[in-house]
Every structure is written in structure tokens, then in C-alpha cells.
Amino acid sequence: MKAFVMVIMLLVITGGSIYLVKPELIEEYLPDSITGRKVVKKGSRKAKAKAAKSRKVAAEEPRKTVKETTPEPEVVKEEPTPAAEEPAPAKQEPAPRVVTEDIGDVPMVIKNIGIIKGEEWADCAKVRAKVGEALARELDKGTTAEAKKFVRKPKNRLLLAQWVVADAELRSEEEVTSLEVEYNSQLDKARREFETCKAQMEKGDSSAAVKWNFEKARESVARYEGESKCAHRFSESAADEGGRRLMEQIGGDPDWLEQFAFSGECVRPGMALSIIKKIYKQHPDMLKNRMVRDIATATALEYAKSGWNQQDAVERANFYINAWKDERLNKVFDNLPMWQRRMVCGCKGDNPFGSIASLTWALDNFHLPADRYSGSCWRCSYRLNNIYGDSIHGPLYYAPFESNLGENRQAMTYHIGGVCGSLSHFGCFAALANGVPAMTAGEPAHCSFIVLVGDTWTPAYSLSWQRGLHWQVFRRVHKYSSLHAATELYSDKQKKETEVSDTLRVMAGVHAANGDFVKAADCYEKAAKEQPRNWMAWREWRESLEKNTAATAKQWLKLNDTICKELVSLYPEIAAEHMHHGLAEGLSKVLNPEQLQKAYMTFWQNVKIMGPDRWRIEELADKQAALLGFDKDSQKVCAYYAEVLGATAGNSLYAPAVLNWGNMLGEKLDEAANAERMQLTIKALSKGRRMSAEERGKVLAPVIVSAETNRDLSSFQSLAKMLKRAGGSKKESPYKMPRIEGFPGKLASADGMIWTSSTCEWDKPHEHPGVLTPEGGSFHTEKEEDSYVVVQLPRQVHMTGIVLVSLQNQGRLANLQIQVSENGTDWSDVCQLGAFSGQMMRSDLDGKRPLAKYVRILRPGGPEFFHLNGIYVYGNPAA
Amino acid sequence: MKNIFLTTALLLLLTPLSASAYTRANSVADARSRVTDDGYVICTYAEDWDKYSKSTAKQMMEHAAIKKALGRVVLLTLGVPNVSSKKDNETNKARFENFDLSFPNAYPAFIFYNKEGHRLADVCITYNERKNPKAVAKRISAVMEAAATQRDLLKKAENASGVEKARLLGQAAAVPGISQPRDVAKKIKEADPGDSSGMHKFVTLNLPEAAIISADTKDWQATMAEMKALMDHPMLTTEHKQQICCIMIGLLRRHAGDQGQPQMKALIDQLRSLDPDSILGKSADDAARMWLK
């Protein structure tokens, strides 16, 4: 009895202390027996009212902001090592979930023209089986002609979409469970932090810091608790009357359900329904207003795909619905295809730039035509340190402004500044807030962004073609080409092919689900051939081979050969991506070395075009060499390199890149092996003829010009090294260069590239690389007006000066103009030079320190030739 | 006689009203032939990608308060499509000659230039302001007044020399709400090579850059002294002083340890009191929370 009284007293004292601080905490965290709160049965009126109140409280809680401390690096390989964190608690089975999401009465506005009722969606295995049977009956021949006829009818399109959505729900179960475990873990962590802060306050620590942390912890707990009560599956979201009626209409309308199934990846559709339900509660006109419905669906699909907070999804959808209703968005938003609408409404749902405060500020303050967003990032100041002197590469850069601007990262960046990560996010979200598709992208040690301008994806603040997308239309495909492939895949022009392809893909899925992998492979092949841009068709084909333990070498080769034939000629980077995503490994398990090498070579024999931009050709070649086991054997890897070079020597787009790969291999080889490699290179390029140094230069000249034309700096530099090696250590420069007196900072142009306005009979492209070296080189344009040479720097710099050397005919070179650019297209004047005094011209730019990634030396007027023997740009790195 | 007198009086009465209205020009050549001291304004708006922009721009241009606020500027208009072609850009460049057409932050907007074509300020009209022309007129008036003040100072500077000229140029540069006059630093240096007026230091002051440098300074106490001395410069604005406070707070935090706490507290209080509602002023509370013990 005494013990019981003491416990009660302890609880009362504890509760009283808490009550003094935050009375509302009492109810949340003390047992019902103490608070006198009555236990409410699930399903009762009180339970529903309580759930509604919880939802209201959750809706009113401010969002937790996520601090951005460093610029986002290139996605695929260069993720920074995370700071050490406390050990994660052991994984546990999620607790039984209590989900209450009743949204009340939902009118039946849209007719269900299909065979699946709303309540059936609670069991997707049955839905998939039922729809699968119907499809198998209708598409028993499995031919393309049959598919073409089938897909014309809306009822049939609905069947296809139903199968995909049900299948997606089943595929998603593992991910949903992982997400729940993760959420529970985060909730536990938040609760522990809350308890810690609570304890500190109970001890009498009422400092601003502790109060701040306490509030943050409380918000965090509410946020995760709110999420833990949300539905994640159809069995939860379609369990109540409102959900069933909503799903009856979504699942019964081909237009609506196709958005789930065929506008990109369908992941966790049950969670998407849960989000749509919440949005419906605030926008019941969704059932009659097509745009409201589209915005809700786009947002829900994206947030479900990434497993982001559902309340955030509702707020995001609200923003776009209200902005659209007020007619504030850029007109392009009205006609966006669903996959782009998903990008706009659902981009980076977990990023503070996407908070409602940020988006609202951007819509109010950066309202621009679509083609101006690419320059909008420069309205913010590029600053490595804030006004307190704290570095962007630490946690304190934005910290002093958190309480005032923490929710509004756009305003924060505008007023405080940042570096590439903040600036690119600023520009990207300025576009997104106004309804213009955009996304950020990772580049080596840099963050850029991409904006849709008209029909063209336009990189902005971009320093490299090595771009990894931060938003993916196809899961786990970060490649830039995927954006272009998706644009075509979902275009009106390709609509018929895409629909037929998806029909065949679904049929393949039905066969695979029934264990008939032969029929599945046959349908996948037809699907992929019908629409080679259909990433999902290729991926699922490969996955079915992986699941089929009896898959033969012939079947794998079929996939490989079809990719090489159908896709390599359209999007070689995407074709290579299939290699990286398992095709290369799959082949290596079923083929002998000789067959495998032949299979890999099929790619190089079929590649013709580059695609939207240069891609990581060297990476593919490396991977193939590794899977062939050649990476440990210098002779074999050189032989493979020679074979690949032989296949691509005639292709001016690929030869420089393969040469570059050869040079990368050469860095790991000894001198003898490198000499052998050089011989193989020359043999491959010259097709066996013996050559002098001059001839060698001439053979490499077109490859150098190609590298320059393609703005392929890494290949240009590789060729420069190759030329140097070919010359041997005894070679002297033919140019007697003066001693170069530089400027403060580094010689920024050392590892750069040049290209000129034209070439002529006196130009020697194999001497272009030397122009950037102390040994000198040369370029020579045609006799023309406004001739120029451009130096592309390896990285952006603040220039401190430039030195030009010309060993002859300096009279032609008066009044040269120095210009700089960030993108190689838009130029700003820096200064005009006078006449050459002697062989050298120096221009001190330390006072101006212009920011440059490209430096153009323009010879205005003419017509006249333009030639130099040395260009040396000095400066300090800017990024 | 009486009629002539009345007519003349009437004309004289009406002239100031019409003289205060802006003049529409169709081309830059036309505008240049009619420009007054009030300079030029380009009213730019969305052509096809925004529902409200064009009509808002039109309404604003026709509103009496806006007309009054614009004084005797010469007004040109520029519609901007969602995607400008290369031809569009070349046409505009030719049409607007040397005018700086870099885009404002939002459309529609009034972009102000002085008589010499130097860009002074942008007044962007937000969505909420589109039904409040008087608020826009107020902002336009502020720009026009600032431009007039700067103009007067520059005129005086033209007739002055040496330190006095430098001082006047510095004051012209310090007029809030508009950009500094073109090449003002160079002109101040020419007038006052030794910078005894302190104006060259003022117009070239770059405190954010100073903050970056302070992060790596080897002699933080010297930097502190430098900042302290700078605080006494007579031309400093409130924002300048707040920036100096921030730099000094950062230095103390990184280098002075516990001994720096009293001084840091004093600076945080000063930062706040200079302008509590500004972004820097509001950061004082976060700074106190994070760094004061």
C-alpha cells in the first residue's frame, strides 16, 4: 500500500512539474489511469472524434526543418561520409498499427467501368489474380497486333492499370514494412530526445537553448506520431467507407488509374490513396475538378514513392491547388503531362526548400518567364562564409537565422547567401514554386539544376556533363538521358507505341506471376521493341530472367542483343545503365569468357550517337573489363581496350572517350605496358599503318577536334597526355617561349581545353593542347570577322590575370577583348587589351576578379587570322 | 484682354499637371529626344505566361497615383514571352540599345534608369499589390525621390573639386533605395587620391567579403580593432554597423573563449538594438541562445 501511494505521489509530482512547463504534455504522456482519460474503443464515435482531433493537432504542428549544411555532391559515387551517429536500435517488428483515416461521406461522382469494386482493393493479391485472369483470356495470343487492338478500349486500359497498381502494392510491401520500422525508430529517437530535454528543464535549466531544443523535440515527436497513424497500404487506406468509395472511383476510372500506373513509377499506391484521402478532405471538389484531382494525385504518388511525411504532402498539394485556382502559376503548368506534374508537385518533399513558406515566398518574389529561372540562382550571393564568418561547410552558416527564416529556405538563401547547393536549390525551387518543371542535379563536387524551357531541358549553373539527377522518373536511374527518354516516352507523338508497349509489358508480368517465364520473356521482348524508351519494360525483362533460375544463356543474350540493337542507337547512356543495373552481371553468370566478351562488344559495335550529353563511357568499359576479369591482367585489358577502340575508331564521338579510357588504364600500368598500349592505340586508329610523329599528330588531330567540338575536356586532356607520351621524353618543343610572369593564384587553365571559331590549313589541332602549357603550342583560325579562342577551365575561378603569348605576327592581334562566361554561351566583357609589346601580353584582373568557367579571347573586326602560342589564365577556385 | 489673361492663366494652371505626367515613347530614339531629368522607365510584363501581368501593368500605368509618382519620366514598355527566341533577344537588344535589360525578380515591374541610361532600381509588383496601386505608387515615389536626391548631389559634385567633390559623390552613392552612380569609386579616387574624405573606403566597403577574410585571419585582434575603428565611419548605415557587429561576434566566438563573453554579449545587444526587426537584428536572439553562456 505504501509503495502504491509513493508511486502515485511520484507520478503526481512529475506530472505537476511537466504541467508547469507544458500542460498539454500531461495528456499525451501519462497513462489514462492517471489523467482520468477514458479509453475509447476503436471504431466508436469517440474514437473517430479523437482521431479527427489528432489529425487537427498534427496538421497545426509546424514542420520540422532539415538543416542543409553542405552542398549536395554528385549522387552516384561521391556522397559524403555521414558523421558518426549513435548506434541504431536493433531492428524490430513494427507494432500492430492503429490507423484511423475516415474521411466521412464521399459522393459517387465517377462511374466505375471495371470489374473491381472499391472494397476489393483491400486485398491486392486477389485483385491482381482476378485481373490477371481477365487479361490472360483477352490477350491469349500475346501478339503486338492483339495488344494494339486491345488497348483502344477504355475498359481494357483500366484492366491493365489495375493489374499494375495491384502488382505495385504487392511489390511495395517489403518497402512499406522497412519504412514503418524506420519511422518507429525515428519516433523512439525523438521521444528519447524529448525526455532528455524534459529532464533538463525539470532540473531547472530554463536557458534559451534548452527551451529551443525542447520545442524542436516536441515538434519532432508530434510529426512522427502523426505519421505512425497514417495508412501505408490499401488494406488500411481502403478499409473505411470513405476510402472504399474513393478507391471505387479511382480504381474504376481508366484516366485516373492510368496516372497511378503509367506516369512513371508506381510505388506504395496504398499510401498514395491515404494521401489523396487527406487532400480530398480539404478539397472535395477533387472529384469534379480535373486539375485539383491531378495535383492531388501527382503529389500523392511522389510522396508515396519516396515515403515522405503525409501531412507535408497535403500541404504541398494545398499550395499548388490554391496557387492554380488563383491563376498564379506559370501557364506551362496547365498542360504538363502527369510525369512532369509529379516532378513539380512532388520534388524533394523532404527538403526545406520545398516547405510551404519557401514555395510561397518564391511564388511571390520570383515570378519569371520559364527561360529566366536558369539565371535566377545568381540573385543570391555566392558566399563561402556568412556574415559571422562561419563556413558553409559547417552547421553554423544558417544557424543564427534559423528562428526567423528557418521555415523559409528560399528567403534565407536570398538574404544570407550560400554556395552551389543553396544557389541551385534556390533557382530550382523558384521554378517549381511557379509550376515550371525543374530539379537539382549532382556534379563532381558541385550541385547544379535543370529547368524545362519550352521543350528543352536546360542545365543551369552546370560545370560538367557528369550529371546525376536528384529527382528520378525511373527509380534508381540518375542519368541525365533518362529525362530525355521519359520526355519522348510520355509524349503525344509516342503515345500509341508507349500504350502498346505497356500492354505487352503487363502481359509479360501476368505470365511471370504465373511462373511462365518463356511467355513472359517473349512479351517483354515485344514490349521493348515496340517502345525502346520504356525503361520499365527492359528492367522487368531483366528481373524476370533473374528470378528464373532456369534462364538460359540464349535468353540473356537475347536481352543483351535487343538492347544493343534497339536502345543503343537511341539512348546509349540508358542502354549502358541496364548494364550497370544487372545485365552485365547476369550475362557474366551464364556465358563463358569468350561469349561474354562478344556480348559486351555488341554494345560498342552498335553505338553511334552520344545522346543528350556526354556520358560515362569509360565507366562502362571499366565495368566490362572487370567482369571479364581483365582488370588484373594488363595484357588482356590492353587487348580489350584495343578491341573497343577498333570498334569505335571511326566514330568521332566515341573515339576520344575510349582513348580517354585507355589513358585512365595507363595510369595503372608500368612503362612497358603503356608503350604496348600506345602501339595498340596507333594501330587501332591508323588501322595498321606505320607513322611518324607528325603523322601520329595528324591521326589524332580529328579526335582532338572532336573532343573540342563536344566540349569533352577530359578526353582533350587525355589526348594531350597521349601526344606527350608519343613524343617521348627527348622531344623538345618547337616553340621558344618567353618566360611567363604569372598572377596571384593558380594557373587555372593548366588542365583546361581550348576551341576556336574556325580552323584552316595552317592550323595543327594536335598542337592545341600545347597552347595551355609552358612549352607552348599553336592554333590558327581562318581569316574571318570576330575570330576567337575559348579556354574552358576545369573549374570556376575568380580570375586574377591572363597572359597571352604570340611568337609572330603580333600586328594582327590589337584590341583583343577578354570575355568570361559561366556556361560557354552567355558572355560578359571584362577588358580590352591594347597592342602586344613584344611576344607577351599581360592583363591584371585582380581588381575585378571576374568569375569564369570559360574565358574567350575575341579578336574583334577583321576579316583577319587569329593565332596564339600560349594562353595562361590565373585565378583562385570559386567553388 | 480679359479673355487672353484668363486663357493664359488657365494654361499656366494646367501646364504643371500635364508636365508632371510621364511621356510614352515607342522607341529609344524617340525616348532620348524627349527625356527629362527624371530619366526613363521600362514597364515590363508577362506576354503570355501569366494571367494578371499584362492587365496589371496596364492598370498601373493608367492609374492617377502611379502617373503622379512617375513624374516626367519617359516610359517604354516591354512584353516578355515565356521563352524568348534568339531573334527576340537580338530584337530587344537592338531596340533598347544600351539599356540594361537583365530581368527583374518578378513581373510586372517598373525598371528605372537615369537620364544617362544607368539602371537605378526595380519596382516589382507582387500578386497582392496588383489591387493596390497606391502602395505601388508609394514605392515608385520613394525611388523617384531617391533618384532626385542623387541627381542633385551629383550636380553639386560636378561643380566641386577635391575632397568636397569626393564627399558629395560619396553621399550620392549612399542614397538608399537606388544603385550607386556609375564609376563612382573611380571618380572619388580621382577627386581625392589620398581618400582623406573616407569616401572611397565607404563606397568600396564590402563587409560580407570582410567576414570571409575574418574567418581565416591570423591576427584576430587586429581585425577586431579594424572593425571597431570602422564603426566610427560617419557614412555607415545601420545595416553596415550590424554587419560589423556580426563579424566581431564571430571573431570573439572563435578566438576569445570565455573571456570574450562580456564583449560578445554587448555586441549582441548592440546588434539587436540597431534594428530589431531586420534579419540581422533578429539573428541576435539565435546568437545569444547558441553562444552566450
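## Domains of chain A

The domain assignment divides chain A into three parts: domain 1 (1–38), domain 2 (616–731) and domain 3 (746–877). The model is predicted. The C-alpha centres of domain 2 of chain A and domain 3 of chain A are 28 Å apart.

## Where domains 2 and 3 meet

Domain 2 of chain A puts 15 residues in contact with 13 residues of domain 3 of chain A. The size of an interface is often given as the accessible area lost when the parts come together. Here, domain 2 and domain 3 of chain A bury about 1,200 Å² between them. Carbon and sulfur atoms account for 68% of that area.

What is the count of salt bridges between domain 2 of chain A and domain 3 of chain A? It is zero. Polar contact links two residue pairs across these domains, both at pLDDT 80 or more. On the domain 2 side, the elements giving two or more residues are α33 (693–709) and α34 (713–727) of chain A. The largest share of that side, eight residues, comes from α33(A).

## Helix α32

Helix α32 of chain A covers residues 671–686, 16 residues in all. From first C-alpha to last, α32(A) reaches 22 Å, close to the 22 Å expected at 1.5 Å a residue. At its start, a side-chain oxygen of D670(A) comes to within 3.2 Å of the backbone nitrogen of A672(A).

Which residues of α32(A) are buried? Among them are A673(A), N674(A), R677(A) and M678(A). Further along, the buried residues include L680(A), I682(A), L685(A) and S686(A).

How values were computed. Residues are numbered from 1 along each chain as its sequence is written. Chains are lettered from A and ligands numbered from 1 in the order in which they are written. This is a predicted model: local features need pLDDT of at least 70, side-chain atom pairs count only at pLDDT 80 or more; totals for chains, interfaces and linings use all residues. Side-chain values use heavy atoms; hydrogens and water are left out. Helices (H or I, at least four residues) and strands (E, at least two) are DSSP runs, numbered from the N terminus. The expected span of a helix is 1.5 Å times one less than its number of residues. Buried means under 20% relative accessible area, exposed over 50%, partly exposed in between (1.4 Å probe, protein chains only). A polar contact is a pair of N or O atoms within 3.5 Å; within protein, one must be able to donate a hydrogen and the other to accept it, and residues adjacent in sequence count only if both atoms are side-chain atoms. Domain bounds come from an automatic or database domain assignment. Contact means heavy atoms within 4.5 Å. Buried area is the accessible area (1.4 Å probe) that two parts lose on being put together, summed over both. A salt bridge is a side-chain nitrogen of Lys or Arg within 4 Å of a carboxyl oxygen of Asp or Glu.
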